[in-house]
Amino acid sequence: MIVTVPLVTSEMPIMAPALMKSVVLSHNKTCAAYDLNANVQHWIKNHQYPDQLIDFFFNGHYHDDVVDDLAEYFQETADLLLAHNPKVVGLSLFSYACQISAKYLCMMLKKQRPDITILLGGSGCYTELVADSNWVEGMRTSGLIDYYFTGDAIRSFDEFLGGNTTFSGINSPNWTQLTSEELESSPYPDYDEYDFGLYQIKAIPVFGSRGCVRKCTFCDLIEHWTKFTTRTADTVFQEMLYQNEKYGLREFKIQNSLVNGNLKDFKRLITLLAEHNTNNPENSFKWSSYFIFRPKEQFPEEWWEVTAKSGATALNVGIESLSEHVRYHMGKKFSNEDIEFSLEMGAKYNLRFYLMFIVGYVTETQEDIDFAAQWFRDHVHYKDNFIMTLGGTLGILPGTWLDRNKEELNIVVFNKPTQKWYNTVTGSNPQMRAQWCADLFKLCKELGYNVFESIDNHYVLEMMMRDKI
Amino acid sequence: MNNIELTFKFFDINGENMSLTAICGEQRCEVTPENNVARLTAEFPTVITLVLSGKDMSSDTVVGEDGSIVADKHIELTQLAIDKFVINPEILKTIPVVKTADSEIRSSYFGFNGEATLPFEGKTALHWLIKNN
């Protein structure tokens, strides 16, 4: 059995158990995959004390009102899983917020079935993407789990099922990224046991690539997925057709870091989707993903029109800063003119953007904040074409380029959270950056921009997919 | 029935250690530096008692010229696991109860002759863990 564990704020299916199930089936073994997180979200929504439950799952805090219900939840969930008499149970941790419930669930499973083999996988096994493996290794040495999988587990899990328990990425923080060819031959996820009735967003996740074409200085994802590898547009489209035929769903979340990282592939994909939508108006597809703004020469207007026809509904774009020199230092080499053109196209073709900003990059000064404030004043005519977030100010994540080059950048980091750093030359410090963020937030609200307060960008994209924001 | 494992670390003076016995119901477990894990089974709620001896209060604490403690014969509880669920180390020091002449303190540092107790209240181990971890 392969299941997700709570708690992830997501209103659509989580892919990992369904994908791993397909790997198991390819070995002619039986497997069931459940998204337990969906059941828990449903439970929390209808519970008398939802905040207390969320506080426990996210922070491990105790509340008298819910302790009996939580104990019952872990006991019943373990009973439910064991009722299938599995030899192996795999738990998929989407984020580190899943560690608390994973530990309790493993305890209950091992207590009743000491012989059972428990596997853990997913980004949530680590507190940060590029970090030591203390938590998950501790789970293994204490005997609560038997194996854990790091990174993309399609190949390592496949090897494990074939009897190779020492393959790269098994019980080790070191793993080997899949090649494009291996991604291309990945099986389609099997959602047969998922209850789509539990989800607010009836959409299917599909992935087209891993890694990124950009090397942004603040990003930890590229330290983990060091190469940009892709599936072809035709393969992605075929999977969409397959899932549509099997489950009747027409909306997709393309879980790439960038859907248009490879422009040739992206143009092919939107062409296929646009043609499909034109020829199948009763079964047209919609999709959402992460996106980058490109110069007009690379992506002229006709391609924006095709993007709209392909069914694009919500596009997350990392603008980060409105000062070009700051963006260029980050590694984001698109101009303000490129932003203007993209916003104009979005308005013309009714595409919704979610613009993400990071306030207080290492080189940013008051002058840059003042520039941003003026930009927002000057572009109020676009305020209905996008929603935006200012984030929680820049965090220097372990293992990133910024982290490795702290000294040269005159940055001193003084403890967690990762926003606790200061620049010895510019004087930028956490309080200053928090004030910049607050000032910009207030200004944007006053100007009528739709400013979202969540820093969970995946969740915001899903809310946009539901037209909730 | 729940499996409770207590791991201890011994600090000696001149090669001599304190003695420790962990008691839970009818079970008695002698803990030594070489065999430093007490393995007990119990239903919740339960109490584990640690019986400590072998400390000479006049000579087993070495004090420096400035009055600070240089060395001390003692035992520390370093890990507690219930059914393999290892308790958060930060919480560990808040579990054992040590009664002094006029008060009660919580500590995982045992440098005295006497008893310390580990109370495990709650309907089940799961209840206790959710509350205390």
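Trainee: Where does B:Asn14 lie?

Mentor: B:Asn14 lies in the loop between strand 1 (2–11) and strand 2 (19–24) of chain B. Strands (E, at least two residues) and helices (H or I, at least four) are DSSP runs, numbered from the N terminus. This is a predicted model, in which local features need pLDDT of at least 70 and side-chain atom pairs count only at pLDDT 80 or more, while totals for chains, interfaces and linings use all residues. Residues are numbered from 1 along each chain as its sequence is written, chains are lettered from A and ligands numbered from 1 in the order in which they are written, and side-chain values use heavy atoms, with hydrogens and water left out.

Trainee: What is the pLDDT average of chain B?

Mentor: Chain B averages 94, and 100% of the residues score at least 70. pLDDT is the predictor's confidence in each residue, from 0 to 100. For the complex, the predictor gives an ipTM of 0.92 and a pTM of 0.88.

Trainee: Why is B:Asn14 called exposed?

Mentor: Its relative accessible area is 75%. Exposed means over 50%, buried under 20%, and partly exposed in between (1.4 Å probe, protein chains only). B:Asn14 is therefore exposed. B:Asn14 also has a positive phi of about 55°, although it is not a glycine. Most residues other than glycine have a negative phi, and most peptide bonds are trans.

Trainee: Which peptide bond from B:Phe44 is cis?

Mentor: The bond from B:Phe44 to B:Pro45 is cis, with omega near -5°. B:Pro45 sits in the loop between strand 4 (37–42) and strand 5 (46–53) of chain B. In chain A, the bond from A:Pro6 to A:Leu7 is cis, with omega near 10°.

Trainee: What makes A:Lys111 and B:Asp83 a salt bridge?

Mentor: The rule asks for a side-chain nitrogen of Lys or Arg within 4 Å of a carboxyl oxygen of Asp or Glu. The closest N and O atoms of A:Lys111 and B:Asp83 are 3.2 Å apart, so the pair meets the rule. Across the interface of chain B and chain A the rule finds two salt bridges; over all chains the structure holds 25.

Trainee: How many residues of chain B are in contact with chain A?

Mentor: With contact defined as heavy atoms within 4.5 Å, 14 residues of chain B are in contact with 17 residues of chain A. The two chains bury about 1,500 Å² between them, 69% of it on carbon and sulfur atoms. Buried area is the accessible area (1.4 Å probe) that two parts lose on being put together, summed over both. B:Lys84, B:Leu126 and B:Ile130 supply 46% of the area that chain B buries against chain A, more than any other three residues.

Trainee: What makes helix 2 of chain B largely enclosed?

Mentor: Six of the eight residues of this helix (residues 125–132) are buried, so the rest of the structure largely encloses helix 2 of chain B. The buried residues include B:Leu126, B:Trp128 and B:Ile130.

Trainee: How do you know that A:Asp152 and A:Arg210 tie separate parts together?

Mentor: Their side chains meet in a salt bridge (2.8 Å, N to O). A:Asp152 lies in the loop between strand 5 (147–149) and helix 7 (154–161) of chain A and A:Arg210 in strand 7 (residues 209–210) of chain A, so the pair ties together parts that are 58 residues apart in sequence. A:Asp152 counts as buried at 10% relative accessibility, and A:Arg210 counts as buried at 15%.

Trainee: Why is A:Asn37 called buried?

Mentor: A:Asn37 has a relative accessible area of 1%, so it is buried. A:Asn37 lies in helix 2 (residues 36–45) of chain A. Its C-alpha atom is separated by 4.6 Å from that of A:Pro6, 31 residues apart along the chain. The side chain of A:Asn37 reaches the backbone nitrogen of A:Val8 at 2.7 Å.

Notes
A polar contact is a pair of N or O atoms within 3.5 Å; within protein, one must be able to donate a hydrogen and the other to accept it, and residues adjacent in sequence count only if both atoms are side-chain atoms.
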